[in-house]
Amino acid sequence: MMRTDGHLLDNRQTEAAEHFSAFAALFDPTTFRHLEALGVGSGWRCWEVGAGGPSVVSWLAKRVGPTGRVVATDTDTSRLAGGARPPVEVRVHDLGTQDPPGEGFDLVHARLALVHVTDRQRALRSMAGSLRPGGRLLVEDVDPALQPLLCPDEYGPEQQLANRLRHSFRKLLADRGTDLPCGRTLPRLLREAGLTRVHADAYFPLASPACAALESATIRQIRDQLVTAGLATDQDIQRHLTNVTSGALDLTTPPMISAWGRKQ
């Protein structure tokens with residue numbers, strides 16, 4: 001997962017490991033289900049775009065085996081350095097500005113990478129162009145504007161506070177150029193990039209312990225930015241973190257939309 005512009009969620013922050021762990025717990029099963037359906041197997045050449053943490057890279061490495069190849073890229077590879085051994089190759093790479101780190105890939109996968117790229121169509125053409133004929137592209141991104149609430153069941157002051165802070169988080173993202181209505185556009189953008197057999201689905205977790213862990217790590221990561229921007233007080237944030245820890249909030253995340261297609 002690529003960090004947002006302005007270092008809002010920086011891979012080097014103390015809470016980043018918790019963030020990646022919670023995110024993997026929530027969304028890795030969905031990602032792995034799609035990768036299995038696409039047929040990833042021994043000898044495949046894969047490009048993991050905006051990898052962030054190691055979970056998907058490790059899964060791919062096991063599937064492709066010693067005869068395969070996994071190129072894992074991100075603008076910040078600090079969370080990947082420990083896994084940089086065959087068949088994994090780790091590279092610093094900016095999807096928005098640089099050419100692909102190779103060609104003839106059997107699979108290109110990007111999760112939470114495209115949402116932070118300004119020229120999204122160029123990035124998708126770049127990923128699609130790096131595929132071999134018949135290669136698969138799987139792109140996954142959340143869509144915070146499609147479902148903006150942290151607590152869909154807003155029945156009390158704790159839930160109202162949670163949703164207000166979620167709105168403030170979205171404002172920080174938007175102010176840094178993050179395009180929030182991203183996930184819903186993926187099927188169209190894949191077709192426009194020349195892919196065929198395009199399909200998509202969405203996963204929408206609710207009331208999972210991993211939702212609470214993700215929210216806690218995220219809020220602690222952006223605490224200073226929220227206060228500096230005048231979007232929340234320290235008291236607001238501490239009260240919210242206490243509410244999250246209590247387990248009384250039914251928290252959710254924006255839906256993760258997965259779209260996939262093939263190169264002719």
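Modeller: Contact means heavy atoms within 4.5 Å. Leaving aside neighbours within four places in sequence, L124 is in contact with L114, L137, V139, L189, L190 and A193. This is a predicted model, in which local features need pLDDT of at least 70 and side-chain atom pairs count only at pLDDT 80 or more, while totals for chains, interfaces and linings use all residues. Residues are numbered from 1 along each chain as its sequence is written, and side-chain values use heavy atoms, with hydrogens and water left out.

Biologist: Which residues touch the most other members of the largest nonpolar core?

Modeller: A nonpolar core is a set of buried Ala, Val, Leu, Ile, Met, Phe, Trp, Tyr and Cys residues joined through side-chain atoms within 4.5 Å. The largest has 24 residues, of which L95, L124, M127 and L137 touch the most other members. At least two residues each come from β1, β4, α3, β5 and α5, and α3 gives the most, with four residues. Apart from this core lies another, of 20 residues, among them F32, L38, V40 and L80.

Biologist: What makes the pair of F32 and W59 stacked?

Modeller: Rings of Phe, Tyr and Trp (its six-membered ring) pair if their centres lie within 6.5 Å; planes under 30 degrees apart count as stacked, over 60 as edge-to-face and the rest as tilted. A search of the whole structure finds four aromatic pairs. In one of them, the ring centres of F32 and W59 are 5.0 Å apart and the planes stand at 10°, so the pair is stacked. F32 belongs to helix α1 (residues 16-37) and W59 to helix α2 (residues 55-64), 27 residues apart, and the pair thus links distant parts of the chain. Helices (H or I, at least four residues) and strands (E, at least two) are DSSP runs, numbered from the N terminus.

Biologist: Why do F32 and W59 count as buried?

Modeller: Buried means under 20% relative accessible area, exposed over 50%, and partly exposed in between (1.4 Å probe, protein chains only). F32 has 17% relative accessibility and therefore counts as buried; W59, at 15%, also counts as buried.

Biologist: Why is the pair of W47 and F105 called tilted?

Modeller: The centres of the W47 and F105 rings are 6.0 Å apart and the planes are at 35°, so the pair is tilted. W47 lies in strand β1 (residues 45-49) and F105 in strand β4 (residues 105-111), 58 residues apart. W47 counts as buried because its relative accessibility is 0%, and F105 because its value is 1%.

Biologist: What makes β3 and β6 edge strands?

Modeller: Two strands pair if DSSP finds at least two bridges between them. Seven strands form an open sheet of mixed pairing, in the order β3-β2-β1-β4-β5-β7-β6. β3 (88-92) and β6 (196-203) each have a single partner strand, so one side of each is left without a neighbour in the sheet. Elsewhere, four bridges join β1 to the parallel strand β2 (residues 69-74), where W47 stands opposite V71.

Biologist: Why are α6 and α7 called roughly antiparallel?

Modeller: Axes are lines fitted to C-alpha atoms, for helices over the stretch in contact, and angles run from 0 to 180 degrees between N-to-C directions. Angles under 35 degrees count as roughly parallel, over 145 as roughly antiparallel, 65 to 115 as roughly perpendicular and the rest as oblique. The axes of α6 (residues 209-228) and α7 (residues 234-246) come within 10 Å and cross at roughly 175°. The two helices are therefore roughly antiparallel to each other. Their contact includes A212 and I219 of α6 and I237 and L241 of α7.
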